[in-house]
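Welcome! Please take a look at the sequence and the structure shown here, and then let us walk through them together.

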Amino acid sequence: MGERGAGATDWFESLRTVGRNRSLARLLLALTCSVMADAGFVTTAAVWANRAGGPGAVGAFTAATFAVSAVAAPVAALVGDRTARRTFLLVVDSVRLGCAAGAVACTALPTPVPTLLLAGAVGVLAAPARGRSTM
């Protein structure tokens with residue numbers, strides 16, 4: 001068994017190593033911001049769905065996210081493997097922005113279904129981009 005506090009020392013040493021490599025530090029910062037933004041968006045969408053339609057709407061949001069994921073993930077993986085990394089990330093982030101803007105615009109509609117589908121797409125489209133950026 002290691003000495004007490006050895007884990008914290010290793011963690012700080014890892015952090016110093018990342019800090020010395022500017023490219024790695026920027027990548028880690030971007031990944032952290034992306035994950036936090038995705039979590040915030042999904043939380044906000046779930047709260048909105050709950051207010052708009054109750055627990056059933058939250059379930060619909062979750063189902064929409066999984067349904068969009070089942071369709072989009074294989075296609076995104078196929079396209080991502082055959083295109084340049086920078087182009088892929090720019091296109092995926094642009095589509096995510098469009099879906100987020102569409103979800104915001106759809107909140108004025110009397111039915112939450114389009115908003116839930118677009119919000120689900122935003123979360124799903126984050127996964128291939130995040131996985132591709134670390135390769």
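What follows is a short tour, from the overall fold down to a few side chains.

A word on the ground rules: this is a predicted model, in which local features need pLDDT of at least 70 and side-chain atom pairs count only at pLDDT 80 or more, while totals for chains, interfaces and linings use all residues. Residues are numbered from 1 along each chain as its sequence is written, and side-chain values use heavy atoms, with hydrogens and water left out.

Let us begin with the whole protein. It has five helices and zero strands, where helices (H or I, at least four residues) and strands (E, at least two) are DSSP runs numbered from the N terminus. Read from the N terminus on, the elements run α-α-α-α-α. Take the contacts, meaning heavy atoms within 4.5 Å, with a separation of 6 or more: 66% of them are between residues 24 or more positions apart.

Next, the surface. The protein exposes about 8900 Å², and carbon and sulfur atoms supply 69% of that area; accessible areas come from the Shrake-Rupley method with a 1.4 Å probe, and for residues only the protein chains shown count as cover. Of the 135 residues, 21% count as buried. Here buried means under 20% relative accessible area, exposed means over 50%, and partly exposed lies in between (1.4 Å probe, protein chains only).

Now zoom in on helix α1, which spans residues 6-20 and contains Phe12. With a relative accessible area of 44%, Phe12 is partly exposed. Together with Trp11 and Leu15, Phe12 forms a nonpolar patch on the surface, and the three share about 340 Å² of accessible area. Such patches are made of residues with over 30% relative accessible area and no salt bridge; like charges are joined within 9 Å, and nonpolar side chains (Val, Leu, Ile, Met, Phe, Trp, Tyr) within 5 Å.

How many salt bridges does the structure hold? There are two, a salt bridge being a side-chain nitrogen of Lys or Arg within 4 Å of a carboxyl oxygen of Asp or Glu. One joins Glu13 to Arg16, with the closest N and O atoms 2.6 Å apart. These two residues are three residues apart in helix α1, so about one helical turn separates them. Glu13 is partly exposed at 36%, and Arg16 is partly exposed at 47%. Glu13 also forms a salt bridge with Arg20, where the closest N and O atoms are 3.5 Å apart. Arg20 is exposed, with a relative accessible area of 60%.
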